[in-house]
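Good morning. Please look at the model on the screen while I go through one residue and its surroundings.

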Amino acid sequence: MVEDPSAANDTDTVEIKIEKNIPPIARIDVEFNEINVNTTIQFNGNGTDKDDDMLYFSWDFDGDSVVDSQSISPTYKFTKRGVYTVNLTVSDPFGGNGTDDQIIIVNKPPVAVLVGASAGFVGEPITFFAGNSSDEDGDELEYNWDFESDGEIDAVTEEAEHTYEEAGEYTVI
């Protein structure tokens, strides 16, 4: 309303629509959640917003509340063992935020120590031993022997025996 000194006035109206901002929804997609130390891992962020607002991505990989990346699909290398809570915050320009967390377990790989003969005879068994292998994290070890390097597991014990039926050079894994 406007009014002059003689009390004459006039009004005009404008209709406005006030809407509530719907915050976005965040989702983390990652192929592996258990990795070895010094492994680079690819993260994929997904954000949806019912308002179709522009979205911004913020990642915290190490739990220090500091933004480590603003990429939609960043990579990150964990250099120390531990359990990490990776956080993705997806924001819209109107203050709406959605978050998602993903636990990543970073482990040190075991050290394999193989003891066995470096030579033998066709038809004679050769014994192999991996009992001196270790895992710094204290994880229980599993043993998988491949005597012909053909990708097939031939034994699953700490100590294994194998007999070669043909002469040749073999790599035992």
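Leaving aside neighbours within four places in sequence, Phe 43 is in contact, meaning heavy atoms within 4.5 Å, with a list of residues that includes Ile 28, Val 30, Trp 59, Phe 61, Ile 72, Pro 74, Tyr 76, Phe 78, Val 86 and Ile 104. Asp 29 and Ser 73 are also in contact with Phe 43.

A word on the source. This is a predicted model, in which local features need pLDDT of at least 70 and side-chain atom pairs count only at pLDDT 80 or more, while totals for chains, interfaces and linings use all residues. Residues are numbered from 1 along each chain as its sequence is written, and side-chain values use heavy atoms, with hydrogens and water left out.

Is Phe 43 buried or exposed? Phe 43 has a relative accessible area of 0%, so it counts as buried, a word for under 20%, with exposed for over 50% and partly exposed in between (1.4 Å probe, protein chains only).

Next, the core. A nonpolar core is a set of buried Ala, Val, Leu, Ile, Met, Phe, Trp, Tyr and Cys residues joined through side-chain atoms within 4.5 Å. The largest one has 16 residues, and Phe 43 is among those that touch the most other members, as are Trp 59, Phe 78, Val 86, Leu 88, Ile 104 and Val 106. Two or more residues each come from β3 (25–30), β5 (39–48), β6 (56–60), β8 (82–91) and β9 (97–107); strands here are DSSP runs of E, at least two residues, numbered from the N terminus. The largest share, four residues, is from β8. Apart from this core lies another, of nine residues, including Phe 128 and Trp 145.

Now the rings. Rings of Phe, Tyr and Trp (its six-membered ring) pair if their centres lie within 6.5 Å; planes under 30 degrees apart count as stacked, over 60 as edge-to-face and the rest as tilted. The whole structure has 10 aromatic pairs. Phe 43 and Phe 61 form a tilted one, 5.1 Å centre to centre with 40 degrees between the planes. Phe 43 is in strand β5 and Phe 61 in the loop between β6 and β7, 18 residues apart. Phe 61 is buried too, at 1% relative accessibility.

Last, the sheet. Three strands form an open antiparallel sheet in the order β3-β5-β7, where pairing takes at least two DSSP bridges between two strands. β3 and β7 (75–78) each have a single partner strand, so one side of each is left without a neighbour in the sheet. Six bridges join β3 to β5.
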